[in-house]
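Dear colleague,

I am passing on the structure below, and my notes on it follow directly after. Please read them alongside the model.

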Amino acid sequence: MNDQTLTPEERVANLKGMGSSRKRVEDVRFTQGKGNYVDDIKMDGMLFGAFVRSPYAHARVVSVNKEAALAIPGVVAVLTAEDLAPLGLHWMPTLAGDKQMVLADGKVLFQGQEVAYVVAENRYIAADAAELVEVDYEELPVLTDPFEALKSDVVLREDLAGQTEGAHGPRKHHNHIFTWEQGDKDATEAVLGEADVVAEEMVYYHRTHPCPLETCGCVASMDKVTGKLTLYGTFQAPHAIRTVVSLISGLAEHNIRVISPDIGGGFGNKVGAYAGYVCSVVASIVTGQPVKWVENRMENLMSTAFARDYWMQGKIAATKDGKITGLWCHTTADHGGFDACADPTKFPAGFMNICTGSYDIPTAYLAVDGVYTNKAPGGVAYRCSFRVTEAAYFIERMIEVLAIKLNMDAAELRRINFIKADQFPYQSALGWEYDSGDYHTAWDKALKAVDYEGLRAEQAQRIEDFKAGKTRKLLGIGLTHFTEIVGAGPVKNCDILGLGMFDSCEIRIHPTGSAIARLGTISQGQGHATTFAQIIASEIGLPADDITLEEGDTDTAPYGLGTYGSRSTPVAGAATAMAARKIRAKAQMIAAYLLEVHDNDVEWDVDRFAVKGAPERFKTMKEIAFAAYNQAIPGLEPGLEAVSYYDPPNMTYPFGAYICVMEIDVDTGEWDVRQFYALDDCGTRINPMIIEGQVHGGVTEALAIAMGQEIAYDEMGNVKTATLMDFFLPTAWETPNYTTDHTVTPSPHHPIGAKGVGESPNVGGVPAFSNAVHDAFRPFGLVQSHMPHDHWRIWKIANGLGMHG
Ligand code: CDP
């Protein structure tokens, strides 16, 4: 069994551990139709639920008549708020400390709001019956503009009438939710007052939607004999859902089993709790039969959690030679009808206070006002960490606006303001401690890779040619240097509904030297089964191929806060390494016993413990695993397993330099991404191939958001983009090629030095695309234009600049 024939390099390669581009183990199932999604679940006697939804954005619900619907054969029940009220379930708490109607209680506040829930033998009968539920509405004035809402006499949330205190402090108006302030207001205003140069701009990050390919859904199954509720669902945080279901239903938590099966993309959309979950649970408890609810695409886009919708008024102060001295930001945040933002409790505007970005800005102030309007609730981190995307877009636009004001090259302006490598750990003016970074190295590498000087020369020639009438195409160079903030915890700062944001991993080694690891996170496509096994492989020397990963079942996995905000690697990844190290510590004692030496006389060597100074005397991890189950080792319990609950000491701060080169036709507004270069630094890289895949996917979503995707409302509150005909979801046709690159600056506090990466490409991608559009028109006088930059809006920019004659 002792294998002395392989070189250490061969033994490392056999493990397929950290740093190897191990192929995704998940894909065997996914590419052969063996995925198991919520809608694949079929159970005996399973019923189906469908919602009756409001066609109006703001209306009083005068009456609901169920008779015609109930008369259809196969309809089992029609639930309204009146039916849920005796159970106290007609409203539910939101993640943001507000409450939200489960079914319309007297009025509706957004188009698509749930009014009644029809339960029938199958989805076709449920859909037909939902059409027959007669709802009598009395229309009310609609507010879709947050600035108007703050001035209007119309009271949206009548349930809060007279309440001057909200979950996050005083409310200034009946449609106001909270004000959140960070930084030093007086000092920042003083800096702005004295500065050589102040650039000011309104930066709007429009409302959009995560739009996962699989919509939200669940199957609730109440076993009336055992009293156990099993809830399958598209949950990004299964344990938190279990606790919430227990708290709002009164069922004991041990009698609830939440299972997230395969999930077809989440991007933040599947973090919160939806009316469909509550109604399905109630329907299953009442009928004693399993009840399935699965949204269609329009329901998903109209009613589940949106993203962004931040109006960010900015002022940035600098010296004449471009050294930034202060940053001021006031954000008006449109939260829709209920404040259902998914943010840690103490951060009502998420991590928007990372808006000083990659720059050493000594003085800053941020204020955010949350506002109710007649739009869908939500405010989720769509492939980002709690508003860091808004923050990065804001600062990267403000840098460009300042560069225009200073008549400076925007790459150089960034370079002279970057936080320097020797300033880390860096304390930002808005309260964060950046763990590590080397921005200058990344920036220089990126500029060199795209031949920045050459591009600027080409652009100058293009401008000449355009002015001379030789071309109608402009060239834009979109620059971005972003700093992410991922890995919430620490528990002392971050909780959701009082649950501290740690995460967990449990590892069990089997006697024959294979293992199972269970985590509190849940993959939605990120490839956790592949990469977390790689961490364990490197830590304990068993091949990744011999390690099974399991997530998403609250009856088996240790408690965790789930997967969103790129927190899996920084938090659960750290828990995985720590659990593995506990196993290795016990393995060391077993090895020493077997080798008949003292514990301190053995040392770790890839996949074994060897006697110090005598490497030919060793025990492999496989041998040690067997011994743990068949030898009575004095002072040690049998078995080899460990669990770790990891509370990170700090967030991790990945960063990146992205450059987009775009051709723009001023007559049609069409754009063409000629080149997109993405350099990411996520610290230690576990699986380079998976990282590349994450970057490709994230930049593609960034392309969508910047260049066309939006949830748009008309003045009556109708959603104008509720199908994929109108909501831009890029296909291979629109998706350009990307060049990926990296630097490696490990996190000093993470056990393996890794930072998150899944969201970086979205955070960095959006400003890179948007800055490319702005940069193309900069020589002709454009300063700021709102996203999304679809063909029509780009045409309008050109038209507004007099380019159409
Ligand atoms: O929380 P989420 O899984 O969405 O994001 P993440 O922690 O950034 O991880 C996304 C995927 O990239 C996972 O499979 C990670 O293990 C992998 N990754 C990596 O290989 N190396 C890193 N330094 C960070 C993430």
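Leaving aside its neighbours within four places in sequence, F777 is in contact (heavy atoms within 4.5 Å) with L474, I664, V666, L782, I794, I797, A798, L801 and M803. F777 is also named, with M352, M662, F676 and F769, among the residues that touch the most other members of the largest nonpolar core, which has 179 residues. Such a core is a set of buried Ala, Val, Leu, Ile, Met, Phe, Trp, Tyr and Cys residues joined through side-chain atoms within 4.5 Å, where buried means under 20% relative accessible area, exposed over 50% and partly exposed in between, with a 1.4 Å probe and protein chains only. Helix α11 (residues 388-406) gives the largest share of this core, 12 residues, and a second, separate core of 46 residues includes C505, I507, A537 and A572.

This is a predicted model, in which local features need pLDDT of at least 70 and side-chain atom pairs count only at pLDDT 80 or more, while totals for chains, interfaces and linings use all residues. Residues are numbered from 1 along each chain as its sequence is written, and side-chain values use heavy atoms, with hydrogens and water left out.

Helices (H or I, at least four residues) and strands (E, at least two) are DSSP runs numbered from the N terminus, and two strands pair if DSSP finds at least two bridges between them. Together with helix α15 (residues 528-540), β26 and β27 make a right-handed β-α-β unit, meaning that, with the strands pointing away from the viewer, the path from the first strand over the helix to the second runs clockwise. Strand β27 (residues 547-551) has I547, L549 and E551 on its covered face, and T548 and E550 on its uncovered one.

An open sheet of three strands has the order β6-β2-β8, with antiparallel pairing. Because β6 (107-108) and β8 (134-139) stand at the edges, each with a single partner strand, one side of each is left without a neighbour in the sheet. Two bridges join β2 (residues 59-65) to β6, and A59 has V108 in β6 as its bridge partner.

Finally, T230 lies in strand β14 (residues 228-233) and counts as buried, at 16% relative accessibility. Its contacts, leaving aside neighbours within four places in sequence, are V219, A220, S221, R257 and I259.

With best wishes
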